[in-house]
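This briefing covers the overall fold of one chain and the surroundings of one of its side chains.

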Amino acid sequence: MTQVGTDANPLRVAIIGAGPSGFYAADHLFRARDPVVEIDMFDRLPTPYGLVRAGVAPDHQKIKSVTKVFNRIASRPNFRYYGNVEFGVHITLADLREYYHQICYTTGAQTDRHLGIPGEDLVGSHSATEFVTWYNGHPDCQECCYDLSQERVAVVGVGNVAVDVARILSRTPDELAKTDIADYALEALSQSQVREIHLLGRRGPAQAAFTTPEAKELGELEDADVACLPEEVELDDLSRTALDHNPDQATIRKIEILREYASRQPTGKSRRLVIRFLVSPVELIGNDAGQVVRMHLARNALYATEAGTLRPRQTDHFEELPVGLVFRSVGYRGVPLPGVPFNDKWGVIANHKGRVINPDTQQPVVGEYTAGWIKRGPSGVIGTNKPDAAETVAFMLEDLIEGSILNPAQPEVAAAERLVLERQPDYFTYGDWLRLDELEVARGWEVGRPRVKFTSVADMLAALGR
């Protein structure tokens with residue numbers, strides 16, 4: 001048989017997941033000098049882009065421009081997209097082994113971590129991850145419901161997602177109406193009675209995960225005053241020493257911004273956003289109806305670990321925070337895929353630098369790879385996935401040279417297409433997505449918005465006359 005990776009016998013690769021890491025993996029494979037590569041990308045949603053579409057805040061449109069890069073990758077003649085096709089439902093691992101030489105899992109981190117405190121399951125206690133996908137129009141979450149009649153909200157965490165949630169809750173209807181937020185979310189948030197949002201960080205201001213631009217943006221909201229407690233934005237001795245040894249200018253500027261917020265006086269805006277540090281919820285307390293009504297907060301102090309990092313430790317000082325709505329944002333977590341080795345402790349596919357590992361033998365599983373958050377955990381920004389995917393692809397190409405690849409019985413493009421059509425007749429091609437994209441943008445243009453999204457699979461199919 002002709003060598004794999006030639007015009008006569010291309011390297012056939014299946015990428016499971018159409019987020020940034022999936023597209024970056026495809027790009028690195030296409031850029032490789034030697035092998036001829038054909039890529040089939042699968043996603044359980046009709047629409048591509050993963051968290052760029054369903055996770056990036058609707059008021060951060062510039063970040064979404066990365067999709068132009070993904071469109072160029074998808075325009076390659078050896079690229080095919082199978083949307084609305086779910087791994088483990090419409091196609092199985094056994095199927096992929098019969099049709100592809102290599103498989104790369106790039107499914108991201110689809111769920112969230114829990115606080116692990118009493119009362120976390122009370123009515124009014126929610127995942128920030130779910131809330132984000134709700135206001136971004138993810139088909140899984142359009143039926144979710146949040147009691148925005150509550151006046152006081154706590155957002156637990158000070159990472160990017162937590163800041164996004166706090167900022168969206170603080171926006172005016174006019175501000176939100178200029179974005180591509182889901183229509184139903186725009187309507188619900190326009191009726192919001194939320195007046196006070198508390199953003200809670202368990203460590204100090206020097207350790208806050210949000211960036212300097214994000215911190216600055218919180219002080220520029222049209223109708224929300226931002227505030228910090230002066231004593232909480234002053235650095236403790238350990239943080240001051242760490243910053244003296246490593247004078248990171250971005251961190252220094254972020255602390256300056258927070259100190260300025262601590263000195264601000266209220267200006268009479270209708271909402272107030274309070275950024276807190278060195279506090280952790282230890283219990284959510286409900287009323288007789290099971291609705292959260294307040295949060296028991298512990299004050300923290302930092303200590304240095306043996307590795308030199310600063311970690312929070314609970315003290316014996318506590319306070320009560322009246323809140324009727326809570327969003328936890330303490331990290332994403334990957335979801336296992338049927339038949340794929342999974343490290344449950346870390347919430348990632350078991351792997352070594354992108355090669356999937358058999359947990360019993362600690363040896364690579366031939367032909368299987370992973371990239372992105374499902375490989376390394378939820379860290380970094382969109383661009384971080386590019387070098388991460390490059391590392392994985394380097395091993396894929398190395399294994400191709402060594403002949404350590406799968407031996408599919410039906411490696412032809414037409415064979416895979418017949419399989420998908422049989423299992424899921426309503427699959428989306430990339431051309432289908434481009435037509436849907438045009439329709440969304442046109443709907444947005446009519447009302448002065450970037451786009452108006454279709455938020456259910458049924459509506460997406462109907463829009464294309466399917």
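Glu232 lies in helix α10, which covers residues 230–233. Helices (H or I, at least four residues) and strands (E, at least two) are DSSP runs, numbered from the N terminus. This is a predicted model, in which local features need pLDDT of at least 70 and side-chain atom pairs count only at pLDDT 80 or more, while totals for chains, interfaces and linings use all residues. Residues are numbered from 1 along each chain as its sequence is written, and side-chain values use heavy atoms, with hydrogens and water left out.

*Burial and partners*

- Glu232 is buried, with a relative accessible area of 1%; buried means under 20% relative accessible area (1.4 Å probe, protein chains only).
- The side chains of Glu232 and Arg299 are joined by a polar contact of 2.5 Å, that is, a pair of N or O atoms within 3.5 Å, where within protein one must be able to donate a hydrogen and the other to accept it, and residues adjacent in sequence count only if both atoms are side-chain atoms.
- The Glu232 side chain also reaches the backbone nitrogen of Phe277 at 3.0 Å.
- Beyond neighbours within four places in sequence, Glu232 is in contact (heavy atoms within 4.5 Å) with Pro205, Ile275, Arg276, Phe277, Val279 and Arg299.

*Whole chain*

- The secondary structure of the chain comprises 17 helices and 20 strands.
- Along its principal axes, the C-alpha trace spans about 75 × 55 × 45 Å.
- Of the 466 residues in the chain, 56% are buried.
- Among contacts between residues at least 6 apart in sequence, 75% join residues at least 24 apart.

Notes. Buried means under 20% relative accessible area, exposed over 50%, partly exposed in between (1.4 Å probe, protein chains only).
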